[in-house]
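Here is a friendly briefing to read alongside your structure. Please have the sequence and the 3D view open as you go.

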Amino acid sequence: MKIGILSKREITFTGRMKHYLEDLGHEVTIFTAKNLIINDNLLDHDFFILKSKKLPYLYAGRFIKEKGVPIFPDPELTYKHKHRLDAYYLMQQAGLTSPPFFVGTKEAIKNHLREEYPLVSKSLMDSGSKDVKFINSDDDLNSLNEDVIYYEKKIKGTHYIMYFIDNEISVSEKPPLSTEHAKMKEVAPSEDMVNIIKKWKDYHDIPFGHLDVIKEESTNKIYVVDPGNFPEFTNWKHDDDPCPKICNIILNRIEELKKNTL
Amino acid sequence: MSEFLTYLKTISDVSIYIEEDLLINYSNINFDEDIFFVKGKGDIILSFVKMIENETSIPIINSYHGIWVAFNRFINCIMLEKAGIPIPAYSLNPEEEPPPFKNYIIKNLIDQQNYAFKPKIEKRYRSLKVKDERALNEKGKYNYFFYQKFIRSKWEYKIYRIGEDYFYYKQLPVLVEPDKMKTRRTIEPNPELKKLVIKATNTIDLKIASVDFLKSKKGIYYLTDINSTPNFNYIQNGPVLIGDYIKAQAKR
């Protein structure tokens, strides 16, 4: 099959997927910002893999989907992972708890929420730890760009990244504000962690991904602070390589999508 | 807005939520409005709209989806094209890639700010290149340009939808006459345009909108722009029509 991968990079997990799929006999093209032109010329592929959540790739994904070419993960669900409010509602639908949050200008926060410090500021349209900052004072708030409008109540506790691939789970303790590539220590998943992942993947039919969570020190309650549907699995702590598993899941999902469109 | 608000206050109680002062607290949602009308498309306003839709049963005009799709040019092109509405050929290209068409307009990808179309025109032998200044200001933000194939048309057609009422105008294209109101005139209701406007606004879920068309030499109307927050002062008695429509949609 002729497969396209929409990805920011040609290397790392994307590169490994390309090699694995080529070894299975497929013809694979990686579309990065260098060669991704979004028009009907893209449509001569049998299916696409949406690896990146950046805007042009999401647009390309939506274009490909609407034109009837199978793509996985679903571009609309991927967009919702990236948008903080959509992600909040995805978590709410699945019955997961996330921190209380607020939307407003810096002035509105100062005028109405000073007593709520510490807060965590995040970009409205960016998942992960990029641009995440702790707000302990007006000075911290003043240092932010004007376009920052999303704030969460800071949860005091331990941060974890929880990867899942089908029924396999790998959990690691994550340093605050770090990316998934930081050095992390594996921990055994607790029962409530397993339940959270089950609720998430079952409700939204997500076969692999990750959830960033914080276990609150005072209550042991787990808050989900960030979902992701296509991590690099840098801290996947099991001995086996996640790449072949992911590729095979995608190949199966594409077959299902093709059957459903017939 | 002032004329509209003055009228609205004579027929209902009005609370105004201004983006700069608005603080949305998702753990404390309590509103007693019977309807919300949205005159804006900034991220805070949109967050408010999303919250109202998800947390209450209060009607809201326009919907989050409608507003969002209307300002995302590429997404609305995909949806309108799929619905069978003629739109000019389009392409989203990396900034360094050559243009995909001989005659084209580069438009801003995200039309979320309230700035008017400001074209930079380059005419060469048998080719026309138009770049909207707003698109050039996006340079470096997305690293992509949104190209739309240029449609030559004597007139630009502008149709307003307010609920089930339609208002028809034409004017010289802005590229010919930058002062769009100078040549604007009312035209007779046009069934073909009405059908296209109904299909387009229903496709992206807009109850109040303005929709622009250009007519090709072959007589095909191409939809070139759709706006969820039109300036209804341009419609005769517009503020009253909008006010009455909103009141009629309220839940009580």
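In chain B, five strands form an open sheet with mixed pairing, in the order β4-β8-β5-β7-β6. The model is predicted, and local features need pLDDT of at least 70, side-chain atom pairs count only at pLDDT 80 or more, and totals for chains, interfaces and linings use all residues. Residues are numbered from 1 along each chain as its sequence is written, while chains are lettered from A and ligands numbered from 1 in the order in which they are written.

**The sheet in chain B**
- β4 (90–94) and β6 (119–124) of chain B are the edge strands, each with a single partner strand, so one side of each has no neighbour in the sheet.
- On average, neighbouring strands of this sheet are turned by 20° against each other, direction ignored (axes are lines fitted to C-alpha atoms, and angles run from 0 to 180 degrees between N-to-C directions).
- Strands are DSSP runs of E with at least two residues, and helices are runs of H or I with at least four, numbered from the N terminus; two strands pair if DSSP finds at least two bridges between them.
- β4(B) runs antiparallel to β8 (residues 144–149) of chain B, and five bridges join them.
- B:Leu92 sits opposite B:Phe146 in β8(B).

**The domains of chain A**
- Chain A is divided into domain 1 (2–78 + 242–261), domain 2 (83–96 + 156–228) and domain 3 (101–153), with bounds from an automatic or database domain assignment.
- The C-alpha centres of domain 2 and domain 3 of chain A are 22 Å apart.
- Nine residues from domain 2 of chain A and nine residues from domain 3 of chain A make the contact (C-beta atoms, placed from the backbone, within 7 Å).
- On the domain 2 side, α4 (84–93) and β13 (222–228) of chain A each supply at least two residues, and α4(A) gives the most, with three residues.

Key:
Contact = placed C-beta atoms within 7 Å.
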